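Reader: I would like a close look at one part of this model, namely how one of its chains is divided.

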Amino acid sequence: MSLDANVVVRRDPFLLSASLSVKRNETVAVVGPNGAGKSTLLGAIAGLLPLTEGSIHLDGHPLHTRTPERRGIGLVFQDGLLFPHLSAVDNVAFGLSCRGVRRGEARQRARRWLDALGVGERAPARPAQLSGGEARRVALARALAVEPQVLLLDEPLASLDARSRSETRAALVEHMTAFGGPRLIVTHDPVDALTLADRMVILENGKVVQEGPAIEVAARPRSAYVAEFVGLNLYRARAEGETLTTDDGATLVAAGDARARVFAVVHPRAVALHLEHPEGSPRNVWEATITEVEVQTERTRVRTGGPLPIVAEVTAESAAGLGLRRGLRVWLSVKATEVQTYPA
Amino acid sequence: MTRRPSPVVVGLAIVAAAFLLLPLTGLVSRAPWSGAARELGRPEFRTALRLSLICSLGATAISLVLGVPLAMLLARHRFPGRRLLRGLVLLPMVLPPVVGGVALLTALGRRGIAGGLLHRAGIALPFTTAGAVVAGAFVALPFMVVTVEAGLRSLDARLDDAAATLGAGRWQTFRRVTLPLLAPSLWAGGALTWARALGEFGATITFAGNAPGRTRTLPIEVYLALESRPEEAILLSVLLLGVSLAVLLSLRGRWLGLP
């Protein structure tokens with residue numbers, strides 16, 4: 001029981017060619033840089049864009065031959081996309097009355113959906129009067145009210161402030177679980193992908209470059225974009241015993257003993273920064289120039305250049321203590337056991 | 001900060017405003033208000049008025065039925081020749097109306113390129129009331145297309161997508177999403193189209209003639225009356241001026257720049 005999509009959409013020069021399947025009661029996050037084809041993928045599955053080639057099946061039944069209004073696929077659009085001339089409750093009732101449910105009945109059911117999503121008291125409000133978080137919930141209620149077989153969500157939490165983001169995320173988790181069908185969510189945010197999705201599909205340049213359980217993708221990225229997305233340093237390298245030679249010609253010492261092409265990841269927090277050559281045991285020690293210092297709330301991210309570019313994350317105190325700034329020469333150290341490798 | 005305008009600009013602007021307003025003032029001040037009731041009771045006037053209403057409303061209806069789909073295609077879809085088509089659609093707005101009338105004759109006249117077909121089907125347009133409706137629609141349709149197209153462009157086309165995923169078919173989407181959101185543009189387009197068709201003279205008299213009771217609309221009545229009964233001509237002109245003013249006021253913010 002699943003949604004199986006094999007989508008080819010050609011819009012010269014762009015080509016989206018992606019296959020994915022989502023099981024019942026599973027959430028798959030589609031993640032990728034801008035212009036990777038994420039929204040195109042959702043649009044094609046929903047039937048809003050014609051397939052150049054391919055097919056879409058739900059439980060073995062073809063959907064791609066049906067018009068969007070007959071696919072039973074709910075789509076929550078990026079900014080909610082509520083009908084501006086209808087109140088919140090009429091937005092939610094819209095789909096029901098299109099399906100022939102009588103006005104009063106449709107309104108009642110719409111109202112129950114708004115209540116379930118915690119925005120019942122906003123029923124008479126026009127979309128322009130709703131806050132960002134409220135609008136997203138109304139949009140979710142609108143999509144769920146017609147009881148679709150499949151739920152697609154395009155950046156359901158984008159551009160919300162921190163508080164309404166976490167509230168809306170909680171509502172999303174609750175109702176996605178209650179929904180029970182296959183769910184596909186497009187997101188830019190690693191936290192959303194990891195908290196909402198069971199599996200991740202990475203889309204780059206119209207192609208699936210990696211997919212797997214969310215935790216595994218987060219731990220073993222296979223492209224620079226994914227590594228950046230999950231916040232890891234990634235190197236492509238050739239392993240000769242414990243010595244890794246990266247494609248840029250730098251050397252790293254890892255704990256493994258493979259003889260193969262590998263990916264190596266280093267967590268930014270495993271990178272130590274020093275002003276002098278460090279004493280002691282770390283196997284990987286090198287000197288580099290700081291190219292960027294990014295201060296976050298509790299941690300500071302420091303990017304260094306050279307043949308082994310790396311991002312280190314240190315506490316705000318130690319960043320201040322070391323006087324880290326752009327252009328400063330520093331010593332970096334990473335223990336061999338902190339260099340994780342896996343086959344390329 | 002904007003600097004004070006130069007005296008030259010202010011002076012010329014005053015001349016321009018006076019130039020536009022003076023004739024209208026003349027019209028209103030010279031109108032024979034005392035004999036108005038008698039003049040307006042004349043059967044010629046009533047016939048012309050009825051005919052004008054039929055022709056202008058008919059032209060507006062044609063413009064709605066044909067102009068909205070054309071505006072939708074121009075606003076929402078890409079196809080070869082779209083820019084050219086948009087340019088040509090605007091042509092009647094700048095074309096001398098009498099040229100429009102001659103063009104209609106050559107196209108829809110009895111020996112016209114499409115008129116032969118119409119004639120064989122038993123439809124005669126030149127010098128008939130239906131012809132006056134067609135002439136009005138020809139000159140007024142662009143106003144509908146332009147206004148509705150601008151309205152459609154300001155709508156988010158993805159709202160149609162949202163409606164489709166909720167189970168709305170094309171017609172339901174049009175009726176329940178596009179139409180209500182487009183209503184202000186339809187009103188504006190309708191008002192402009194109607195006003196343009198109501199005032200139509202050149203294309204009508206060329207294509208449809210000036211047969212009393214059949215094609216002699218108010219503007220033609222005004223023109224003909226000017227020779228023999230100038231009082232009546234002035235009065236009818238004031239009436240048409242009032243209609244234009246009412247249309248302008250009904251469009252308020254859209255065209256007058258008022259909030």
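Reader: What distance, taken over C-alpha atoms, separates the centres of domain 1 of chain A and domain 2 of chain A?

Author: The centres of domain 1 of chain A and domain 2 of chain A, taken over C-alpha atoms, are 38 Å apart. This is a predicted model, in which local features need pLDDT of at least 70 and side-chain atom pairs count only at pLDDT 80 or more, while totals for chains, interfaces and linings use all residues. Residues are numbered from 1 along each chain as its sequence is written, and chains are lettered from A and ligands numbered from 1 in the order in which they are written.

Domain 1 of chain A covers 2-225 and domain 2 covers 232-343, with bounds that come from an automatic or database domain assignment. Where the two meet, 4 residues of domain 1 of chain A are in contact with 5 residues of domain 2 of chain A, contact being counted if the C-beta atoms of two residues, placed from the backbone, lie within 7 Å. The side of domain 1 of chain A that touches domain 2 of chain A has 2 nonpolar residues, no polar ones and 2 charged ones; here Ala, Val, Leu, Ile, Met, Phe, Trp, Tyr, Cys and Pro count as nonpolar, Asp, Glu, Lys and Arg as charged, and the others, Gly among them, as polar.

Among contacts in chain A between residues at least 6 apart in sequence, 64% join residues at least 24 apart.
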